[in-house]
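Please look over the sequence and the structure first.

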Amino acid sequence: MKSYTICGLIVLIVFLTSCAETLKKEVEAVNYIDSPAGDVSSLPYLFSNGENTLMSWVEHHEDTLASLYYAELKDVEWQTSHKILQGDDWFVNWADFPMIAENRGNLLSHVLKKSSEGTYSYDVKLNVLPKGSENWMTDLPLHTDDTPTEHGFVSAVPYKGGSFFITWLDGRNTEEKEDGSRGAMTVRAAEVSAKGEVSKDTVLDVRTCDCCQTTTTITANGPVVIYRDRSEEEIRDMSIVRLVEGKWTAPKTIYSDNWLIKGCPVNGPKASSIGNNLAVAWFTAAGDLPKVNLVFSNDGGEHFDSPIRVDEADALGRVDVLLLDADTAIVSWMEAKDSGAQLKAVKIIRSGKKSDYKIIAELDGSRKTGFPQMELVGNSVYFAWTDVAKGVSNIKIAYVPVGQF
């Protein structure tokens with residue numbers, strides 16, 4: 001009996017030692033760095049194009065005044081922050097937030113500006129800083145309609161020359177008609193020059209989910225846009241449209257989760273590409289089973305592999321994805337944990353093999369946390385998120401070397 005007790009103690013000690021070593025390695029892998037954001041900051045947006053890395057964010061002053069800032073990352077340190085503009089008539093929302101992008105020295109950002117007293121009545125206003133300019137050109141229109149409806153959930157990426165490809169949800173058709181009827185939310189795309197000139201404004205889908213983020217990336221074939229669609233039967237699965245040889249394809253479902261939900265889950269997809277290799281991650285709760293899926297494509301999104309489940313359990317979504325090579329991606333997402341949540345990340349091979357899960361941060365599980373960001377910078381993966389402590393929000397940043405996944 002005594003020998004069994006000793007053996008049991010040895011097994012317990014080995015188990016605890018192993019757990020401690022695993023936890024130590026996980027903690028050591030996550031490197032936290034100072035944020036350039038000030039007090040009462042939130043809504044970070046990370047952008048990296050392989051050469052330059054930027055982050056934009058919002059800071060609040062008093063009750064209604066908000067400011068949009070940005071800073072550049074150099075040698076693992078954030079440089080001096082710069083204010084783009086401020087306003088007291090913005091729509092500032094946990095899920096529909098400003099972004100920033102850079103292309104050949106040209107900068108593009110946007111804010112959402114209220115267009116009437118309606119809660120969800122706001123316009124997308126562009127801000128551009130052409131290369132060599134000292135002052136931002138602000139309050140530039142993206143869409144041409146003047147309806148007091150919802151416009152937002154913007155995605156923008158560098159495109160031809162020094163321009164940008166941009167996509168957004170457009171609610172101009174949702175304005176109430178004389179007979180009381182309303183049309184559906186649409187998704188649109190356009191090109192924006194370094195001076196803020198908008199061209200090739202195109203409707204991509206005439207009926208989409210109302211408030212899930214869009215995502216876009218440029219494949220070797222051309223731009224692709226992925227978003228949460230909406231059928232007449234209220235099935236809200238992910239669809240893709242592709243610009244091939246100058247023409248947009250018809251919307252096509254990436255995978256039929258068959259999520260029937262009579263309301264918007266406010267949980268959009270993310271995509272990443274290298275050449276015609278494409279990875280898309282998204283959240284679904286079809287069949288009352290919340291989970292995060294990942295799919296790969298090697299032909300620019302014309303066809304996709306079967307989805308790979310990413311999370312362990314209790315997924316909240318709010319995903320991001322980075323494609324490292326044709327067969328390897330890193331996915332981040334939020335997962336419920338006790339009374340809060342965790343920001344997690346994992347490396348996944350196209351075969352379905354996964355690395356050990358990394359816990360990047362412990363988070364508040366509420367909407368105040370917003371949507372955590374992830375970007376590849378050199379040989380490291382950077383994360384930015386909104387930390388909420390005692391009702392006050394601040395932006396936190398960390399990175400994990402790719403080799404640690």
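## Surface and overall form

How much accessible surface does the protein chain have, and what share of that surface belongs to carbon and sulfur atoms? The accessible surface comes to about 18600 Å², and carbon and sulfur atoms account for 48% of it. The model is predicted, and the values below are computed from it.

The protein chain has one helix and 30 strands. Its C-alpha atoms fill a box of roughly 85 × 50 × 40 Å along the principal axes. The radius of gyration is 22 Å, which agrees with the value near 22 Å for a compact globule of 405 residues. Of these 405 residues, 54% are buried.

## Contacts and charges

Contacts between residues at least 6 apart in sequence can be sorted by their separation along the protein chain. Of these contacts, 48% join residues at least 24 apart.

The protein chain carries 40 positive and 57 negative side chains. The centres of the two sets lie 4 Å apart.

## Aromatic pairs

The structure holds 12 aromatic pairs. One of them is formed by Tyr-32 and Trp-385, with 6.4 Å from centre to centre and 80° between the planes, an edge-to-face arrangement. Tyr-32 lies in strand E1 (residues 31–33) and Trp-385 in strand E29 (residues 380–389), so this pair ties together parts that are 353 residues apart in sequence. Trp-385 has a relative accessible area of 3% and is therefore buried, the cut-off being under 20%.

Ring pairs also link Phe-91, Tyr-120 and Tyr-122 into a cluster.

Most residues other than glycine have a negative phi. Which phi values do Leu-43 and Glu-245 have? For Leu-43, which is not a glycine, phi is positive at about 55°. Glu-245, also a residue other than glycine, has a positive phi near 50°.

The surroundings of each residue can be described in turn. Leu-43 is in strand E2 (residues 41–48) and counts as buried at 10% relative accessibility. Glu-245 is in the loop between strand E17 (238–244) and strand E18 (247–248), and at 78% relative accessibility it counts as exposed. Beyond its neighbours within four places in sequence, Leu-43 is in contact with residues including Trp-57, Val-58, Trp-94, Phe-97, Pro-98 and Thr-386.

Is Ser-332 buried or exposed? Ser-332 has 1% relative accessibility, so it counts as buried. This serine is found in strand E25 (residues 328–337). Setting aside neighbours within four places in sequence, its contacts are Arg-318, Val-319, Asp-320, Leu-343, Lys-344, Ala-345, Met-374 and Phe-383. Ser-332 and Ala-281 are 51 residues apart in sequence, with 9.1 Å between their C-alpha atoms.

Ser-393 is found in strand E30 (residues 392–401). With 15% relative accessibility, Ser-393 counts as buried, because the limit for that class is under 20%. Not counting residues up to four places away in sequence, Ser-393 touches Val-40, Ser-41 and Ser-42, together with Thr-386, Asp-387 and Val-388.

## An exposed loop residue

Where is Asp-39 found? Asp-39 is in the loop between E1 and E2. Its relative accessible area is 66%, so Asp-39 is exposed, the cut-off for that class being over 50%.

Which residues are in contact with Asp-39, leaving aside its neighbours within four places in sequence? They are Glu-59 and Asn-394. Asp-39 and His-61 are 22 residues apart in sequence, and 9.5 Å separates them in space, C-alpha to C-alpha.

Key. Residues are numbered from 1 along each chain as its sequence is written. This is a predicted model: local features need pLDDT of at least 70, side-chain atom pairs count only at pLDDT 80 or more; totals for chains, interfaces and linings use all residues. Side-chain values use heavy atoms; hydrogens and water are left out. Helices (H or I, at least four residues) and strands (E, at least two) are DSSP runs, numbered from the N terminus. The radius of gyration is taken over C-alpha atoms; the globule rule is 2.2 Å times the number of residues to the power 0.38. Buried means under 20% relative accessible area, exposed over 50%, partly exposed in between (1.4 Å probe, protein chains only). Contact means heavy atoms within 4.5 Å. Accessible areas come from the Shrake-Rupley method with a 1.4 Å probe; for residues, only the protein chains shown count as cover. Lys and Arg count as positive and Asp and Glu as negative; His and the chain ends are not counted. The place of a charge is taken as NZ of Lys, CZ of Arg, CG of Asp or CD of Glu. Rings of Phe, Tyr and Trp (its six-membered ring) pair if their centres lie within 6.5 Å; planes under 30 degrees apart count as stacked, over 60 as edge-to-face and the rest as tilted.
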